[in-house]
Amino acid sequence: MRTINIFDTTLRDGEQSAGVNLNLSEKLEIAKQLERLNVDIIEAGFPAASKGDFISVREIATLIRNCSVTGLARSVMSDIDAAWEALREGEGPRLHVFLATSPIHRQYKLKQSKEEVIETAVSAVKYAAGKFPLIQWSAEDACRTELPFLARIVEEVIQAGARVINIPDTVGYISPGEYGKVFQYLRENVPSIDKVILSAHCHDDLGMAIANSLAAIENGAGQIEGTINGIGERAGNAALEELAVALHIRQDHYQAGTRLKLEEISRTSSLVSKLTGMAVPANKAIVGRNAFAHESGIHQDGVLKEKTTYEIISPELVGFHSNSMVLGKHSGRHAFKSRLEELGLAVPEEEIKPLFAIFKDLADRKKEMTDDDLAAIVLEERLSKDQQFYELLQIQVQYGTNQVPTATVTLSGRENEVVQEAATGAGSIEALYNTLEKSVNGTVNLLDYRIQSVGAGRDALAQVFVKMKYNGRETSGRGLAQDVLEASAKAYLNAVNRVIYLEEKTKVAL
């Protein structure tokens with residue numbers, strides 16, 4: 001039985017999903033949960049890409065101690081230097097350096113010959129070897145690269161010091177049979193292949209990311225790269241939860257497994273979904289809400305008689321549990337704290353009292369509190385407490401079918417001053433957002449607005465996600481409340497506060 005290393009790139013490739021913009025606090029929360037999930041490597045970002053990315057990679061590398069943290073770099077000395085400065089304090093720092101190898105990339109992007117590409121790759125790996133104890137090298141667009149050239153450059157970078165070789169299907173182009181043959185060819189034609197771990201990084205443009213990843217394992221890959229919920233560029237990456245459960249359920253076939261704590265999958269998926277604003281489709285394998293639902297009469301009859309007739313995965317395996325303890329307005333602090341611990345929400349003792357007060361206030365207005373409610377309020381308070389430059393004090397919206405919607409807002413401002421404004425709009429949300437824009441001293445361009453419920457029922461919490469540009473910087477925000485308008489206002493201010501927080505954090509770091 002082989003153990004496959006799991007390389008999680010949710011915080012790098014996953015964050016490149018259109019509309020996703022995680023701040024430092026959110027990245028740290030995801031990194032801590034990935035550590036609890038027990039991934040082997042966390043790709044925390046691209047340190048040379050921006051000051052914000054550099055800071056977040058450095059913070060994650062300093063925080064995480066039970067798995068290796070890596071950062072991406074082009075085959076450029078300045079990128080490698082930036083990655084080293086960000087990762088040097090980490091536990092087992094490693095570098096992920098890449099260079100395109102396919103004819104189309106060599107001709108149009110790099111404008112280099114085969115010999116020049118090899119020279120660039122080797123120089124970068126040799127330079128990095130003087131800093132990093134472990135180097136992973138990736139052949140960007142490997143699957144459209146001529147196999148003899150791919151084998152040649154892989155041998156050269158191994159000789160230069162690379163110890164993990166990644167063969168990405170960068171554009172999701174290849175089929176499982178073809179992908180397996182690439183790994184087989186490299187194993188047969190690269191003299192030093194036994195010195196390295198082969199890695200697979202598959203995109204899902206043709207819906208074959210998981211099939212390709214499994215084909216790579218069957219043909220010698222010892223590491224798989226992917227993201228939680230399969231998020232990422234374009235159609236996304238291989239979904240790591242699907243891969244891990246497939247290996248677990250079909251150990252008989254693949255003769256391989258992972259170190260992942262499968263019971264943490266549900267919690268990790270939910271956290272990533274909440275913080276990125278990317279809802280998990282109901283029919284998503286492993287973590288979709290319908291993954292363990294049976295509506296067909298024939299299926300229901302079979303499951304009632306014997307679960308394994310139609311259920312090859314138990315919900316408990318991946319962390320879905322029925323909640324036997326119902327919390328409400330009469331619940332005590334001990335029950336509240338115990339439930340948080342059961343949900344894996346590690347809350348320091350000093351934070352329990354204010355969170356319990358929020359819980360009691362909400363429980364007075366809701367019939368009962370679900371696990372989703374608890375997770376949402378804990379996460380919301382934890383991630384917003386250090387970003388309250390603008391805080392919502394009061395809103396009032398007047399709306400009628402035969403009158404112009406008008407909003408009045410009272411905020412606590414950046415210097416603790418009280419800001420009051422009013423404005424109109426074509427609808428309630430527009431009136432509210434027009435008022436907020438007047439309040440925050442900046443130009444706001446709203447790019448996206450989404451709302452979803454947390455749980456079910458008329459008294460469910462509303463969670464609003466917004467994407468906007470504030471003073472020229474793209475940002476996103478999230479707000480939670482029972483009232484849709486209040487949640488909308490909180491999401492707007494959260495997005496604005498993120499920009500201010502990042503600017504302040506960057507100033508301190510510099």
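**Cysteines and helix packing in a predicted model**

The sulfur of cysteine 143 lies 6.9 Å from the closest cysteine sulfur, that of cysteine 202, which is too far for a bond. A disulfide is a covalent bond between the sulfur atoms of two cysteines. Here it is counted when a pair of cysteine sulfur atoms is within 2.5 Å. Zero disulfides are found in a search of the whole structure. Cysteine 143 is buried, at 14% relative accessibility (buried: under 20% relative accessible area; exposed: over 50%; partly exposed: in between; 1.4 Å probe, protein chains only). Cysteine 67 is also buried, with a relative accessible area of 7%.

The model is predicted: local features need pLDDT of at least 70, side-chain atom pairs count only at pLDDT 80 or more, and totals for chains, interfaces and linings use all residues. Residues are numbered from 1 along each chain as its sequence is written, and side-chain values use heavy atoms, without hydrogens and water.

Helices α6 (residues 147-160) and α7 (residues 176-189) pack at about 55°, with axes 10 Å apart. Helices are DSSP runs (H or I, at least four residues), numbered from the N terminus. Axes are lines fitted to C-alpha atoms over the stretch in contact, and angles run from 0 to 180 degrees between N-to-C directions. α6 is therefore oblique to α7 (under 35 degrees is roughly parallel, over 145 roughly antiparallel, 65 to 115 roughly perpendicular, the rest oblique).

The axes of α13 (residues 333-342) and α14 (residues 349-363) come within 10 Å and cross at roughly 110°. These two helices, α13 and α14, are therefore roughly perpendicular to each other.
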